[in-house]
Amino acid sequence: MGKLIGYIKQYIAFVKKEFNGYSKNVKIAIYVMLFFTAGFFVFGIQILFWGLGYTDMSNFYPFGQWIIGDLGLVGLGGGAFTTGFLLYIFRNDKLEPLISSTVLIGFLCYLFTFVFLVFDIGQPIRAFFIYMYPNWGPGLMPASMLTEVAWCLTFYFLILCVELTPVVLKHKVLDAIPVLKYIGHYLHRLMWIFAAGGTFLSFFHQGSLGGGMWDVMYGKASWFRAHHIYFFVVIILATAGGTAFMTLCAYVAGKVMKKEVVPKETFNSIAKVSGVMFVVYFAARLADVILMGTSWVPLFDRSYLSNLGGYYGLWMIVLEFIFIAGAIVLLLVKKFREDEKTFRLGIISGVMVMLTTKLHVVLNGSSVPNFPWKDFIGYNPTIQEWFIMLGGLSIMALIYMWFVKYTPLFPHVEQHGHHEGEAKAAE
Amino acid sequence: MKKIERKDFLKIGGGAVLGGLTGYVFSGAPFLGMQWLFEWTQDQHVPPGGSESYLKTLCEACPDKCEMSIRMIGERAVKIETSHSGCPFGQNALQLLYHAERIDAPLKRTGKKGTVKASAFERVSWESALKDISVRMNKLIGEKKGHLIAGINKDYNLSAALLDRMLKAAGSSSAFYEPSLKSLTQAALGGYVDYDFANTDYILSFGARLLEGWGSPCAMNRAFVDWKKKGTKLVHVDTIRTRTASIADQWLPIKPGTEAVLALGIANILKRMGRAAGGYDWMAVVNAYTPEKTAEITGLQVKQIEEVANAFARARNPIAVAGRGGKGVSSSSAEIMAVYALNAMVGSRGAVLKRTAGLGEPALSANAAASLREAKRHAGLDDFIKNGNFEILFVNEADPLYKSAYGAELEGKLETALVVAVTPLLNDTALYADYVFPSLSFLEADTSAGSAPLKPYRKAIHAGDAIIGLAKMVDDIKGSFPWNAYVDLVKTYGAPIGAGGVNYNAQVLKEFLSSLEKTLKASEEFPLSLVPVELTFVGDGDGLAFPFVLKSIDEKTYSQGKLWVQINRDTADREGVSEGERIDIESSRGEIGSVRAHLTDTVAPDTIAVPLGFGHKAYTRYARDKGVNPKEIMANDIDPLTGAANWWLTRVKIS
Amino acid sequence: MAIDLDKCTGCGACAIACAQENNMPIFEDDSDIPKRVSFLELMKVTNDRDAKYPDVEVCYIPKMCQQCEGNDPKNPKPPCVSVCPVVATDVGDDGIVSQVWSRCIGCRYCQASCPYEARAFNWWKPRYEGDFKNSLNPEVSIASRGTVVKCQFCSHIWKRERDRAVENGVLDINAVTYTPACVASCPTKAFVFGDLNDPDSELCRLLEKEKDRKFRLVHTIDEKDEKTREKLMHIKNFPNPKVYYLTSKAWIREMMRFK
């Protein structure tokens, strides 16, 4: 027994030593993230056991922060399928150094989409009903967008798990076991199959969760679009904003580690892809807004502008277009792309496009009154919602940090990076 | 060295976890845990079944005595089937019957007065409670101080008549009724007005919100359905566009509080047609209110007033209705007289004065007669609260602490007296009671149609039985109570009889008009008028204890802990108040804080409409601490005839 | 169903009868309107958007589930039904949009898609403190926390009536009619309930007679001519509710439009 305590003490000392290896700023960040994580668990238990009454969602405002989180995470995680698709199908080998990180982020995003969904539904214990009693229509197409989303998410999540396996297997303890090393190697070779399958699935659920789910609500002037227009708009956004996010994550990881985690041409290449997709998205979104204003909302005998009142109105759409313009200019013009500062701004505005549009869809859509004599509704997330949201993101970041530290997430660092910066963080 | 140790550590750790997990699974704990989890989250209470049956009864909540059918599952009453009886309130009966905080036995106070906690009371037996009170009564009457025993009733019903009789027999003149349509009219006119809404063809309502809980809702709703068919014309005078005002064929948007002046103005026009009522002095006052002057005071147009007066005079069977408000009525005696005079002037057959036959005068013992000579007379409840004294107070279903504008004064007096509250739910007044007697809902009481459909709740008994039981234990009184139980009287009590003529008191009218003139003048300090509004089911506070009533409140009245008041748009602009802003309302009596402003043009300029019925200190967990009680700051001039505070119109300012 | 708004005094008896009949949960604070569970909301509507004192008007609109059916009555497609991921809600042959409490996982998608705010979610654990349990109706199951519930036109009463009819030897149970709780409780008989498919029913005759007075909640497509309506219905589904409101006041119809 005394021996066991000794081991535990030793392990704690090991963790302490590792932790002290970080710079001050990173330490503070870790403290903050651990604080949110603790809140995540405390309030998570409260929400799961005592109900959603502790949120600021209501019968008039059924979707809140966690749904925005779901949309955002899935949208941003959409970078994983785009990158995989470009690398394995289009053979854009410049993206190779980024792919492991991308797969991991995709995995985390989807994982936490499920986590937030578990909090968001009123009866998490019955969540399996979606698989047991799915609302398939008479044909192949599912009747409910949410059924489709859940199924596609699940399958794509499984694919991401497989895609992630080789990365995990490269952990030095596991890598020492020959069988696992062998499996890891061969999985890597087969990855294009999964990338293709993943892209196929991704197209559906990106569209359905981000767009289709909203544009089918024919009773709601704030969301309805005929012919599933929004479905396609959102897929384009996922490819554009997702890749920007993947770039941002790798960029931040590099900054924190003070190393070049991926070669410059990788960034260059993916930023170009992102920029081009943003041009397409700009056209699509503009068409969407114009059609909303001229065709779809007037079907309800209402005006689009009157729907854009309240707290989350017109300014969000304007902001979104500013960010779109920023992303296009900063990522496509060679001069800006190659300057680090403007490049950074570019990918950040790319991610911000995703955020503002998701915020707008959920916040504005729910706040629009259903009756002419009612007011726009405001939504102030409670402390429980904030902690679960931020705690979830913190856990994601912590896991990502673990992977960066203990697995060769960025093979480029292993191969070339040793001479750059201080090898402070690596053990 | 270190590496090996870490490996060992992992092995030991892994082994421990595996072993623990195996043990955990085989212990059955996870399955129990699952079961617990499912019970916790799937908690579907299954209501017990039983054979279905329907019980018939009469609703004696009002004189209309609607027939009711109660759907029973086994022993449980699950639904009131009224099938269009006209009465909305019957639907609420089961919530009182099975209220979670219904008092199940007589309670005796053990803790401090005014505490909300249930632990401030202990359950006692009926015998010991009645014994204790009767000892105090015997002592007081023996000392020829019977006049210090007082009672406050809510409605005119059998138990109120029994309480009246008990007090009279004890030598007290202090039997009061909460200000209501009936009590105010009785005090002003000498009898309540029995309006024939079914057969009239022209109704002129002076602020009486006829379809929002006013009077007897069954009769009103039934009559309303007929008005549409018969083409009866409803003219409604009100400051606020209430639902009644919107349903009415014509709405006279009058300045707040000037209904009496309009009545005099119409009387003036009728007089020119050669009609008269009241004495010379009275008509002299009427003469002063020419259409022009009336128009100036009320804010109406001369043409409007003349049209209404002519239509009223021409109608076959017109009635003018007094009694401003819905459930909570506030009209001065002068106003009630002035409006009733219109009926007399046109010789209306639809407004007849009636009285309820009481239980007769009790024989007084020597002690009682002696104390009666000592007794001070008070015109009405608020007069009594302000100026009266008592050592023993019976509160029969009433809640004067909450409903009276003198609630704060009463609070101090209740602290020192022996207070007996008869009520099924612990209301604000019962917080100061030494004894609380649980009484019955109408479903548990015998009616003239037969015995009660449901058994009384636990140890609750009819208020009449409690009073008879107590009277029989008091030496000087028991002779006046020959009955064994209230059921002996159920069949005979309550027959209406005719009342005498009205004494149109010109002096009271003059005094009222001069004080009204002062109130109407907008002062620098208090530029706005505060008038009440009501929700039908909340009324002036009785409905708030019921969760289903809370579910029917609209979001611009009370929601999420915020009480909303309605302010005219232009006035709000001038005062710099925006929609949803938090404001305080201040009158010369004090301030009510933190209500939200709802800007709406349904309210007259310079006027604030405040909902009644909120701001209870007790009255079950459902009503407690919800909003504010505006009576705290409402005007409290006591009327000379009704003895009630005239709180309808209050000058206020907002900040 | 048809509701004559000119007869409605806004008393709220319908809401209370509904709550009693359908075992409405009692929460800590039922005056918390955004989170309360009730099937029937009594909406106070004024026209002070368009008018100033003293030309304003007030009315109350009792609003329950409008039992939408979409463009094609033969293939009903209410906005809330197709979105449910677990088939917890459906339209039956009787045209009533039903909801199975125990199937619902509480995703609230149906709530979001309902243009009439007719659905409610059990944000808290339903509590029936003390003796309130005694007045629960065994015919309506009690929902767990975290599920969506809705008005079903008291279809359990129909079942009750049909069972009774069968007991009495009536064989054609589809001819059996019933009265929902709100309809039965109305003190001024503002509600009329009946079979919209049966042209001889009291409801259909009333709607035929009151053609000029009837309208549907925020359903402006009704005011367009036949051709435009068909064209619009080609583009998108419209809720097409089965609850009609009657009024002779123009301002109420005017308030159905967004401005």
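**Entry 1: a helix in chain B**

I started with α5(B), whose buried residues pack against β6 (149-153), β7 (175-177), α14 (366-374), β14 (392-396), α18 (463-471) and α19 (487-490) of chain B. I count two residues as in contact if their C-beta atoms, placed from the backbone, lie within 7 Å. Helices (H or I, at least four residues) and strands (E, at least two) are DSSP runs, numbered from the N terminus.

The model is predicted: local features need pLDDT of at least 70 and side-chain atom pairs pLDDT 80 or more, while totals for chains, interfaces and linings use all residues. Residues are numbered from 1 along each chain as its sequence is written, with chains lettered from A and ligands numbered from 1 in the order in which they are written.

I looked up burial next. In α5(B), 12 of its 12 residues are buried; among them are L158(B), D164(B), R165(B) and K168(B). Buried means 20 or more other C-beta atoms within 10 Å of the residue's own, exposed means 12 or fewer, and partly exposed is in between; C-beta atoms are placed from the backbone.

Then I checked length. The 12 residues of α5 (residues 158-169) of chain B should span 16 Å at 1.5 Å a residue, and the end C-alpha atoms are 16 Å apart, which agrees. The expected span is 1.5 Å times one less than the number of residues. After α5(B) comes G171(B), with a positive phi near 90°.

**Entry 2: a helix in chain A**

I turned to α9 (residues 191-215) of chain A, which has 25 residues. From first C-alpha to last it reaches 34 Å, close to the expected 36 Å. I found a bend of about 55° in α9(A) at S208(A). That bend is the angle between axes fitted to the seven residues ending there and the seven starting there.

**Entry 3: domains of chain B**

I noted the division of chain B into domain 1 (2-42), domain 2 (52-97), domain 3 (107-183 + 359-495), domain 4 (191-356) and domain 5 (521-654). These bounds come from an automatic or database domain assignment.

The C-alpha centres of domains 3 and 5 of chain B are 31 Å apart. Their contact takes 22 residues from domain 3 of chain B and 21 residues from domain 5 of chain B. On the domain 3 side, α15 (381-387) and α16 (400-403) of chain B each supply at least two residues. α15(B) gives the most, with five residues.

**Entry 4: chain B against chain C**

Last, I looked up this contact, which takes 59 residues from chain B and 52 residues from chain C.
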